[in-house]
Amino acid sequence: MAEDRFVDPSRENFDGFKTLPRDTPIHMLNLVRLSDQAEYPADHPHAGKGLTGSEAYAEYGRTSGAVFARVGGSVVWRGKMEAIVIGPGDEHWDTVFM
């Protein structure tokens, strides 16, 4: 899937991120596009459960929330994309948060 190229940072980008000052908050914009059906490798615990993309993402949020909280992370803003003002008009996002 073409969108997969934006899931994991490149080594160069991650190295640049690690050089940011640690004495100020870091805000990360998350643009999320959900699949109709979640896809998992055969050995994944959720494989074959028939979860929608929305259900799978909600499960990810439940399990990852505690991890982010332990390192001081939190959602500071959440919303629904309504329109693209600057950028490609054919893009869409199901949920957006910082």
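Which side chain meets that of Asp 15 in a salt bridge at 3.2 Å, N to O? The side chain of Arg 11 does. A salt bridge here is a side-chain nitrogen of Lys or Arg within 4 Å of a carboxyl oxygen of Asp or Glu. The structure holds 4 of them.

This is a predicted model: local features need pLDDT of at least 70, side-chain atom pairs count only at pLDDT 80 or more, and totals for chains, interfaces and linings use all residues. Residues are numbered from 1 along each chain as its sequence is written, and side-chain values use heavy atoms, with hydrogens and water left out.

- Helix H1 covers residues 11-18 and holds both Asp 15 and Arg 11. Helices are DSSP runs of H or I with at least four residues, strands are runs of E with at least two, and both are numbered from the N terminus.
- Asp 15 and Arg 11 are 4 residues apart, about one turn of the helix.
- Asp 15 also meets Lys 18 in a salt bridge, at 3.5 Å from N to O.
- Lys 18 lies in helix H1 too, 3 residues from Asp 15, again about one turn.
- Asp 15 counts as partly exposed because its relative accessibility is 33%. The classes are buried (under 20% relative accessible area), exposed (over 50%) and partly exposed (in between), with a 1.4 Å probe and protein chains only.
- Arg 11 has 56% relative accessibility, so it counts as exposed.
- Lys 18, at 42%, is partly exposed.
- Side chains of opposite charge can pair when their charged atoms come close.

- Arg 62 forms a salt bridge with Glu 59, and their closest N and O atoms are 3.0 Å apart.
- Arg 62 and Glu 59 are separated by about one helical turn, because they are 3 residues apart in helix H2.
- Arg 62 is exposed, with a relative accessible area of 57%.
- Glu 59 is partly exposed, at 24%.
- Elsewhere, salt bridges that share partners join Arg 11, Asp 15 and Lys 18 into one network.

**The sheet**

- An open sheet of 3 strands runs in the order S1-S3-S2, with antiparallel pairing.
- S1 and S2 (78-79) are the edge strands, and each pairs on one side only.
- S2 and S3 run antiparallel and are joined by 2 bridges. Two strands count as paired if DSSP finds at least two bridges between them.
- Strands of a sheet pair through backbone hydrogen bonds, either parallel or antiparallel.
- Gly 79 lies in strand S2 and stands opposite Val 96 in S3.
- The C-alpha atoms of Gly 79 and Val 96 are separated by 5.4 Å, though the two are 17 residues apart along the chain.
- Gly 79 is in contact with Thr 95 and Val 96, leaving aside neighbours within four places in sequence. Contact means heavy atoms within 4.5 Å.

**Asn 30 in strand S1**

- Asn 30 lies in strand S1, which spans residues 30-32.
- Asn 30 counts as buried because its relative accessibility is 17%.
- The side chain of Asn 30 reaches the backbone oxygen of Met 28 at 3.1 Å.
- Asn 30 is in contact with Thr 95, Val 96 and Phe 97, leaving aside neighbours within four places in sequence.

**Ala 38 in a loop**

- Ala 38 lies in the loop between S1 and helix H2 (53-70).
- Ala 38 has a relative accessible area of 22%, so it is partly exposed.
- Ala 38 touches Leu 51, Thr 52, Gly 53 and Ala 56, not counting residues up to four places away in sequence.

**A nonpolar surface patch**

- Leu 29, Leu 31, Val 76, Trp 77 and Met 98 make a nonpolar surface patch of about 470 Å².
- Patches are made of residues with over 30% relative accessible area and no salt bridge; like charges are joined within 9 Å, and nonpolar side chains (Val, Leu, Ile, Met, Phe, Trp, Tyr) within 5 Å.
- Accessible areas come from the Shrake-Rupley method with a 1.4 Å probe, and for residues only the protein chains shown count as cover.
- Met 98 is found in the segment after strand S3 (95-97).
- Met 98 counts as partly exposed, at 34% relative accessibility.

Definitions and conventions:
Polar contact = N/O pair within 3.5 Å; in protein donor to acceptor, adjacent residues only side chain to side chain.
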